[in-house]
Every structure is written in C-alpha cells, then in structure tokens.
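Trainee: Could we go through this one together? I'd like to ask things as they come up.

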Amino acid sequence: MTVDPAAVTERFKGTLGELLGIRFVEASPERVVAELTYRGELTTVGGSLHGGTLMALADTVGAAATVLNLPPGAGTTTIESKTNFMAAGRSGVVRAESTPLHRGKRTMVWQTRVTDESGRLLSVTTQTQMVLDGR
C-alpha cells in the first residue's frame, strides 16, 4: 500500500515538521522518505546542519512511518531515540529514509538514515515508538 506523500506532508502543517520544511517524497508501511533543504536557520554557528535538525527530521519521519502501521484509532509517541552523527551537512537537500526494525503491537522500532545529495551518510537514528491505544 502506497500513500500519497503530499497527504503526509499536509498532515504536518502547523507543526515543527512544517517549520523545518520537511517534505515527504515516498510513503508506505515499509518505507518512508522525506527531504529537507539546507538553510542557515537550521545550522550551527559553524554552518553545518544542527544535530537537533537531523534528529527532529528523523523523529518526524519515523513517527510518520509508525502512523502508517497503526491499527485504526491508535496513536503513537516516541519513547526512545538514539542518533549517531557521521558527517556534517553543509548545503543542498538532505534525505531521510526510515525503515522498520520491529513492528509489534505495543512498540515499533525504526531506523532512519539521513544522507546528503551525494549519498554521504550524515546520521543514523534508531527510535522506539509506543503504540497508544485509541480508547
């Protein structure tokens, strides 16, 4: 099942995802891909994308992936997240790709790889999402 990525982007209107400029380009229960354009407001004093920017991008994409796998009426929240930083993003468009490591009834674990335009790995985030009962 493929989901319209524009509809996923629209769902994040009025949130941090919109403020960061996250655009979803692919969405299915098996993989979610989003992009973010480098701009000065998202960087450190030294000009590289801030680690918080990369973590927020990964968290948003992993949460979206979880939502695509939830049973009707359920919600989700991040309960754990770990990010390893490999390289500095200094320009262009970065791409985040989230794939499942575990999709259970109570938790889901997603790995999100963020790369630059050349395909260089900038960061890897592993996050655990709790499945919240819709009651």
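Trainee: Which residue in β2 does Arg23 stand opposite?

Mentor: Arg23 stands opposite Glu35 in β2. Strands here are DSSP runs of E with at least two residues, helices are runs of H or I with at least four, and both are numbered from the N terminus. Do keep in mind that this is a predicted model, where local features need pLDDT of at least 70, side-chain atom pairs count only at pLDDT 80 or more, and totals for chains, interfaces and linings use all residues. Residues are numbered from 1 along each chain as its sequence is written, and side-chain values use heavy atoms, with hydrogens and water left out.

Trainee: Thanks! How many bridges join β1 to β2?

Mentor: There are 5 bridges, and β1 and β2 (residues 31–37) run antiparallel. Two strands pair if DSSP finds at least two bridges between them.

Trainee: And what is the strand order in the sheet?

Mentor: The order is β1-β2-β4-β5-β6-β3, an open sheet of 6 strands with antiparallel pairing. At the edges are β1 and β3 (75–85), each pairing on one side only. From one strand to the next, the twist averages 20°.

Trainee: Which helix packs on the sheet?

Mentor: That's α3 (residues 51–67), which touches β1, β2, β3, β4 (93–103), β5 (107–115) and β6 (121–132). The direction of α3 makes about 45° with that of β6. Axes are lines fitted to C-alpha atoms, for helices over the stretch in contact (heavy atoms within 4.5 Å), and angles run from 0 to 180 degrees between N-to-C directions.

Trainee: Thr53 is in α3. Is Thr53 buried or exposed?

Mentor: Thr53 counts as buried because its relative accessible area is 8%. The cut-offs are under 20% for buried, over 50% for exposed and partly exposed in between, with a 1.4 Å probe and protein chains only. Leaving aside neighbours within four places in sequence, Thr53 is in contact with Leu36 and Leu42.

Trainee: Switching topic: how many aromatic pairs does the structure hold?

Mentor: It holds 1 aromatic pair. Phe12 and Phe24 are stacked, 5.4 Å centre to centre with 25° between the planes. Phe12 sits in the loop between α1 and α2 (16–20) and Phe24 in β1 (residues 23–28), 12 residues apart, so the pair links distant parts of the chain. Rings of Phe, Tyr and Trp (its six-membered ring) pair if their centres lie within 6.5 Å; planes under 30 degrees apart count as stacked, over 60 as edge-to-face and the rest as tilted.

Trainee: Are those two Phe residues buried or exposed?

Mentor: Phe12 and Phe24 are both buried.
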